Amino acid sequence: IICDPPSFSRNKNKIFKIETDYVELLSLMVKCLNPHGTILFSTNYETWSWKKWLEKIREVVQPFSLSVKANY
């Protein structure tokens with residue numbers, strides 16, 4: 001799964017903010033992921049450090065027993 005969401009987006013019904021909506025987004029991707037699949041997650045959100053993003057992503061995928069490999 002390749003995911004490159006915007007940092008911020010708005011439509012008639014909802015405002016999307018990556019800093020809060022990444023949990024739901026990653027959770028939905030994990031549920032769709034094949035057993036030996038890979039998620040490539042990229043964002044241009046600059047407020048959090050790379051280390052902070054890794055911590056956040058690991059928190060979301062940990063209950064699913066997935067590993068996180070970081071490349072930057």
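1. Burial and overall make-up. A residue is called buried here when its relative accessible area is under 20%, and exposed when that area is over 50%. By this criterion, buried residues make up 29% of the 72 residues in the protein.

2. Confidence. The average pLDDT of the protein is 90, and 99% of the residues score at least 70. Among the elements, strand 3 (residues 15-17) has the highest mean pLDDT, 96, whereas helix 2 has the lowest, 89. Where pLDDT is low, the predicted coordinates should not be read in detail.

3. Fold and dimensions. The secondary structure consists of two helices and four strands. Read from the N terminus, the order of the elements is β-β-β-α-β-α. The C-alpha atoms fill a box of roughly 35 × 25 × 20 Å along the principal axes. The radius of gyration is 12 Å, which agrees with the value near 11 Å that a compact globule of 72 residues would have. Of the contacts with a separation of 6 or more, 47% involve residues 24 or more positions apart.

4. Nonpolar core. The largest nonpolar core has twelve residues. Its members are C3, F16, I18, Y22, L26, M29, F41, Y45, W48, W53, I57 and V60. Helix 1 (18-32) and helix 2 (50-61) each supply at least two residues of this core. The greatest contribution is that of helix 1, which gives four residues.

5. Aromatic residues. Six aromatic pairs are found in a search of the whole structure. One of them joins Y22 and W48 in an edge-to-face arrangement, with 5.8 Å from centre to centre and 90° between the planes. Because Y22 lies in helix 1 and W48 in the loop between strand 4 and helix 2, this pair ties together parts that are 26 residues apart in sequence. Both partners are buried: Y22 has a relative accessibility of 6%, and W48 has a relative accessible area of 19%. The value for W48 can be set against the cut-off for burial, which is under 20%.

6. A second aromatic pair. F41 and W53 form a tilted pair, with 6.2 Å between the centres and 55° between the planes. F41 belongs to strand 4 and W53 to helix 2, so the pair links parts that are twelve residues apart in sequence. W53 is buried, with a relative accessible area of 6%. Together, Y22, F41, Y45, W48 and W53 form one aromatic cluster. These five residues are also listed among the members of the largest nonpolar core.

7. Surroundings of Y22. Which residues does Y22 touch, not counting those up to four places away in sequence? They are K17, W48, W53, K56 and V60. Of these, W48, W53 and V60 are listed in the largest nonpolar core.

8. L40 has its place in strand 4 (residues 40-41). Leaving aside neighbours within four places in sequence, L40 is in contact with I1, I2 and C3. The C-alpha atoms of L40 and I2 are separated by 4.8 Å, although the two residues are 38 residues apart along the chain. C3, one of the contacts of L40, is also a member of the largest nonpolar core.

9. P35 counts as exposed, at 77% relative accessibility, and H36 counts as exposed at 80%. From C-alpha to C-alpha, P35 and W48 are 30 Å apart in space and 13 residues apart in sequence. For H36 and L66, the corresponding values are 9.9 Å in space and 30 residues in sequence.

10. The segment after helix 2. S65 is found in this segment. At 69% relative accessibility, S65 counts as exposed.

Technical notes
Residues numbered from 1 in each chain as written. Predicted model: local features only at pLDDT ≥ 70, side-chain atom pairs only at ≥ 80, totals over all residues. Heavy atoms only, no water. Core = buried A, V, L, I, M, F, W, Y, C linked by side-chain atoms within 4.5 Å. Buried < 20%, exposed > 50% of the residue type's maximum accessible area, 1.4 Å probe, protein only. Contact = heavy atoms within 4.5 Å. pLDDT = per-residue confidence, 0-100. Rg over C-alpha atoms; globule rule 2.2 N^0.38 Å. Phe/Tyr/Trp six-rings, centres within 6.5 Å; stacked < 30°, edge-to-face > 60°.
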